[in-house]
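Dear colleague,

Please find below the structure I am handing over to you. My findings follow directly after it.

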Amino acid sequence: MGSSGAFHSNGVSMILKVARLGHPVIRTPARPVPVEEIATHDFQKVLDDMVETMHEYLGVGLAGPQVHLSLQVAVLEVQGHPRYPDMPSVPLTYLINPKVTVLEDATVEEWEGCLSIPEMRGLVPRFSKVRVQALGRNAEPLDFVAADFHARVIQHETDHLNGEVYLDRMRDMRTLAHLAEWQRYVLPALERKG
Ligand SMILES: [Zn+2]
């Protein structure tokens, strides 16, 4: 325990290998993390490694199954992100055993990508407001409301914990594009719209 009383791992964090679509772990519902495991060195190290991996690959979120860990844990952070410079920032958040409740039935469509489906973008509807109940890094209970882009990232990551990916949510698969082509043909039109 540090002087702050917070759990931590002491270790040097590692970049984990990312599982891609087609690996069975991506399609397997993850098991809950036993609460007594959260404080363990091994689990705290997993959290550090997930953050390191998310930063390395410029993700805004990363879920356990994406790093071959079939555990209900996700990390997210949006701060001056090169891919989403205009997006409101989301502080580094650890979500353990999250439960998401939809607060507004209205959905908004926006472009998403996924580290497990590299170099692709697709238009995905998401609920605009959700309530999130989870445990944090120190096993503290979290209960908050997320809206808009924050709500989108949470829905994307918690889908991973249920063995689902953004492709499953798309209404129109014809919007699916390779990143280079998306940047060439779709992005300029988005930028013109402002
Ligand atoms: Zn993803």
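**Overall form**

For a chain of 194 residues, a compact globule would have a radius of gyration near 16 Å; the protein chain has 17 Å, which agrees with that expectation. Please bear in mind that this is a predicted model. The C-alpha trace spans about 50 × 35 × 30 Å along its principal axes. Of the 194 residues, 33% count as buried. Among contacts between residues at least 6 apart in sequence, 68% join residues at least 24 apart.

The secondary structure comprises four helices and six strands. Read from the N terminus, these elements follow the order α-β-β-β-β-β-α-α-β-α.

**Strand E2 and its partners**

Strand E2 covers residues 73-78, and five of its six residues are buried, so the strand is largely enclosed by the rest of the structure. Strand E1 (residues 61-63) runs antiparallel to E2 and is joined to it by three bridges. Within this pairing, Ala-63 has Ala-74 of E2 as its bridge partner. E2 also pairs with strand E3 (residues 90-114), again in the antiparallel sense, over five bridges. Here the bridge partner of Ala-74 in E3 is Leu-95.

**The nonpolar core**

The largest nonpolar core contains 39 residues, of which Leu-62, Ala-74 and Ile-154 touch the most other members. At least two residues of this core come from each of helix H1 (41-56), E1, E2, E3, strand E4 (117-135) and helix H2 (148-161). E4 gives the most, with six residues.

Which residues is Leu-62 in contact with, leaving aside its neighbours within four places in sequence? They are Met-50, Thr-53, Met-54, Val-67, Ala-74, Val-75 and Leu-115.

**Helix H4**

Helix H4 takes in residues 179-193. At 1.5 Å a residue, its 15 residues should span 21 Å; the end C-alpha atoms are 19 Å apart, which agrees. The helix bends by about 40° at Val-186, and a proline, Pro-188, follows within four residues. H4 is hardly covered, since the count of buried residues among its 15 residues is zero. Strand E2, by contrast, has five of its six residues buried.

With kind regards

Terms used
Residues are numbered from 1 along each chain as its sequence is written. This is a predicted model: local features need pLDDT of at least 70, side-chain atom pairs count only at pLDDT 80 or more; totals for chains, interfaces and linings use all residues. The expected span of a helix is 1.5 Å times one less than its number of residues. The bend at a residue is the angle between axes fitted to the seven residues ending there and the seven starting there. A residue is buried if 20 or more other C-beta atoms lie within 10 Å of its own, exposed if 12 or fewer, and partly exposed in between; C-beta atoms are placed from the backbone. The radius of gyration is taken over C-alpha atoms; the globule rule is 2.2 Å times the number of residues to the power 0.38. Two residues are in contact if their C-beta atoms, placed from the backbone, lie within 7 Å. Two strands pair if DSSP finds at least two bridges between them. A nonpolar core is a set of buried Ala, Val, Leu, Ile, Met, Phe, Trp, Tyr and Cys residues joined through C-beta atoms within 7 Å.
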